[in-house]
Each structure stands twice: as structure tokens, then as C-alpha cells.
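Dear colleague,

Please find the structure below, together with a short account of what was found in it. I would be grateful if you could read the two side by side.

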Amino acid sequence: MSAVSVLSRPNVLARILRHTSPPRGGSEKYTYDTVAKCARVCQAFREPALSVLWERLPSILPLFQLLSPKFGRIEGVHEVLMGGYLHKFDAYTLYDIPDDLQWARFCYYAQFVRVLRFHRDRNTYGAQIGVPPFTERFEDSDISSWDIDSASDPGSIEGEDHELLRPPFILPPVWYYLRQLAGDQPLFPYLQELEWTTSPFSTDLLDVLSPSVRWLHVRLDPTGVYSNAEWSGNLPLLIRSAIALAPRMQHFEVTPVWRINTLGSILPEVHRMTNVWHLVLDTSLPTARSTTAQALREAKLETLVALELLRIGIRIDDDAAELCYPISLHALRSLTIVDYLGRPEAYALFDAPNLRVLDFSLQCPVSTNAYCDTFAALVRQFPEISELSLEVQWTRQYSHGEEKVDLIEAIQPLGRFAALRTLTVNVNKTPVMLSSAEVRAFLQLWPHLHNLTVDTSRPVHRSMSPRVDVLMDIARFGTALTECRLSNLRFTGEEIDIALVQAESGSYENASLEALWIGCMLLDEAGMTDEDRERELKRCAKVVLELFPNLSVGNCRTAVPEHSRYRDNADWNTVVLDEVQRLQQSQALEGEKW
């Protein structure tokens, strides 16, 4: 394709420019500046570049800034009582009705927005802002004559420091006037994904929604003091209206910012989402108390014939008679259950013959035997599971102490998952033992695993983390593994000596593993200098390479679990993997000599 033909095809140019933009959720300002410069190159580059820059907005403020100076922040602090605490916001309003030129600018840029997020939570908002799209200052009413050489940065609100900004609060009259200006047209005509913080007593979500929305995440934030009856009375109407405004919605997710019962009000409305594929509901305890067998049946989930993914919290305490009529979910392939009661017979409610992915968490005090019974019920109900995630975090409390869960015994019933290829185990309470022995048991129970992730709590006892001998177990028993992730690994210099001898013997070599990630390297040696510690880590790297000769350093660096607390682990990333790479290069040079 010639250069001239590329310039005449905006979709091709946009696809090229999209490769320079940050990844989903990224915030690298440099790449936005690069695309912004492309928008100033020539007329042919302008619109494709703008479509990339405005495609994903992490805040509504850059778009509203186009209405400046008639839109701006109110002096002082806006205070709202939420959850018993006084929260402070920066309040924004319209000081005057936008004129025709300002409204034309707003509509011009709004047409490019495909993904929009708006948060009032301080932590979420602070992580989202600072991704400035590109905008221009216009002086003519004719769009074709707008000057692309006079660019400004809407990501930085004039006179403000982003690091000092409180979360924004858009006053209700702003939405009213924008709806009046838009008439019967949606504010964002091509919006596809929307993540929005609102309350059942606000209509801003309904003002933003459009028929083009396919993905909706509603974060419920009660901006004021309301009774449970008021909350439950308003929430169904909000959800019903959202479904009517986005009838082709395929992903619906609801998350309360505070611990509030949402499911009791939402479940009766979900049957209206006739096209939904993914239904992600709140799993907190206040909500789960409403999720009984009767409530699930009244939700008419079986009418959602396209439903492939369901996340739900349950506390099913109905009579046995209520559990005799399963809910047919034949299209369901992924199920997340957070169980607050641990009643094995409750899972018979879910008739999902095509289920392949199960994420299960038991959030109540149980014994090892209770775990066995629960896991056996899961195997009976969902025998074809190929991807399993377990969260183990409670123990039975006794007057004289705690009974530790024997994880090796508890997981034995799960061995009947013959098709299992991906396993994730999260242990967040110290009374649950998870050491090298437990990891070895996983590998022996499922010899055909391809992907294993073991996430233990921040270790407080030496027996709570796998030791270096687990690497030998992975090499010996994980012969089908291609990816393995361990949140913690403890070792001593003496253990490294033993591991080196065993690894160099060649009897433990595992050629299938390509990606290994270790979150926290814990060296049990007192009084060591930084140089000594680095030397031991490099010796550990030699063990790793001897055991897993086909390890890809690139794959190891990208195998970080999404929510890991050890994402920037310097020991593994900058010492061990760098040494593995150096050793691989040395081996390659020696091979060329021969």
C-alpha cells in the first residue's frame, strides 16, 4: 500500500497510531504526547490521531474542560457524609449556558470517546487522572477551519495541581443543561464501555448512557444519609432505566463503594438484560445475605440464554425442598462463587453442564472435613472444570485455639477434576499451611497442569512459605507446566548448595516450563551484606536455569499476576532474571564456538 493511499484511509492511520498509545489502563504521558504531535502534522493525520487520543478517557473532566470558562471548579470544598464519614470533593458547575461554538467543540470530541470512566473514590481517582488527551483551542465556528497548530493540554486544569486535586463532584444542574443541549441525541453517541460512580438518587448515569454501550460497570456510592428502605426503593428504578437506555448491553457489573446490600434490589431486574454475556454482581456479605435459593429462582437467570460468566456471593440457608429445582444455565462457562455459609448441597442449584472455569471462595469458619465435603460437592456438580481458582482463608475457632486446615487432605476430592489444566490457590490466613509439601501435592494430584499460581499471605513464619526445594518438585512433578507463579520463596545458602548439586545432576531437568515468576525472595541468613545477598540470589538463578533450560526471561517478566503485591520485585526481576539471561547468553556463545 502506497503512502498516498494510507493517508486517504483514516482507519488505517488510526490503527497505526494506536500502537503508540499506552496499553489498557496505562498512563504513560509520553505516548499521548507523541500522538498529539501527529495530530499537528497535517490535515490527514488530525482526525485519526484525535480518535486515538480521545478513545479512552480516565476522567470526565478533560471533556468538560472544553466548555471552559463557563465550566469550572467552585471555590472551597464540597463535603458529603458517606458511610458515617465526612468526605471532601472538588465541586464543578456551569457558570453559564455554553454557546454554539463551545457545544460544537464538546460534541466533536465526544464522538471519539469509546471508553469512559468516572470515579469519586479518592484512591481510584488518583490512580486514573494524569492521562491528558489532546485538544485544541478554536476561534472559528466552522470545524473545518479549526487551527490544529494551537494545541493545549486539557489533562491539566488551569491553575490546579493534579496531585492536590480531590475527587471531582459534578453538580446535578450540569447534567440537566447538557441534556437540554443534546436534545434527543446521546451525549456520547459511540460510547462502548462505561465505568461510572453514582448513587440510586442521581440521574447522571442515565444522562451518559447511550444505546451503543456494551460494557457497563456501576459503582454505587451513596452521597448522603439514606435509610435501607430508601436505598432499596430507588436502586431497582436506576437499574431498570439503565437497561432500557443500553438494551444491547453484554457486560453488566455492579460494585458498592460501601458495604451495602445491593443484590436484593438488583436480582429482580437482571432478567431484563436479554443480551447479557457477563453478569458480575457484588459479593460482599451484606449483599450475599439476600442471595437465597428463592431469590435466585425469582431472578429468572435461566432466561439469560447468552450468559457465559456469572459472579455472585451466596448465603443459601433455604429448606432442602427449595434446593431440589436447579436453575438451568446451559451457556455458562465461568462461575465465581463467594460462599458465606458453606452448605455443600447449595451448589446443586446451578445446572451448568458447560462450566469450565470456577473461582471459589469459602468465607466462613470451617474444618478440614467441611472443606472436603464442599470440594466433593463442587466436583459432583461441575465435573468438567479445566480452570480452578481457590481462596482458602478461614479456620474453625475453638475455645482453646484454632484447628489448622490440612490443605493436602482438604483438596483430595478435587483430584477428580480430570480436565484441570490451570490452578490458582490463594491463602490469606496464616493458620492454613502452605509450604513446599502442599505445592508438591498439587503437582502430584494434577500431573497434567499447564499453569500453576500459588499466592500465600505475607509470611510471618518460616513454615508458611515454600522453600527452594519446591523448584525441584516443580521440575520433577510439573512435567506439563508451561507457567508457574509463586508469591514467596524462602531459602538459605546451604539449601542452594544442595539444590545446585541436585540440579547439575540432570535428573530434575524440566524442558516444558517457559515462564517462572517469584514474588518475594526471602533469604534466611542473618548478618548478610547486600553483596552477599546478591551473590546468593545469583546462585539461585543458576539453579533455576539448570532445572528449566528453556525458560524465557521475557515471558518471566510478563507473568506477573494482575493483583500481586510484589509486582515490582527487584530481587527476582533485576538480579535473578538478569543473571539467568547472562548465563543463557554465555551458553549460546559457547555453543557457537563448538
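Tyr371 and Phe375 lie four residues apart in helix H14, about one turn of the helix; helices (H or I, at least four residues) and strands (E, at least two) are DSSP runs, numbered from the N terminus. Their ring centres are 5.4 Å apart and their planes at 40°, so the pair is tilted. Rings of Phe, Tyr and Trp (its six-membered ring) pair if their centres lie within 6.5 Å; planes under 30 degrees apart count as stacked, over 60 as edge-to-face and the rest as tilted. Tyr371 is buried, with a relative accessible area of 1% (buried means under 20%, exposed over 50%, partly exposed in between, with a 1.4 Å probe and protein chains only).

The model is predicted: local features need pLDDT of at least 70 and side-chain atom pairs pLDDT 80 or more, while totals for chains, interfaces and linings use all residues. Residues are numbered from 1 along each chain as its sequence is written, and side-chain values use heavy atoms, without hydrogens and water.

The whole structure holds 17 aromatic pairs. In one of them, the ring centres of Phe360 and Phe375 are 6.3 Å apart with planes at 75°, so this pair is edge-to-face. It joins distant parts of the chain, with Phe360 in strand S17 and Phe375 in helix H14, 15 residues apart. Both Phe360 and Phe375 are buried.

In helix H8 (residues 172-182), Val174, Trp175, Leu178 and Ala182 are buried. On the other side of H8, Pro172 and Gln180 are exposed. Gly183, with a positive phi near 65°, follows H8.

Yours sincerely
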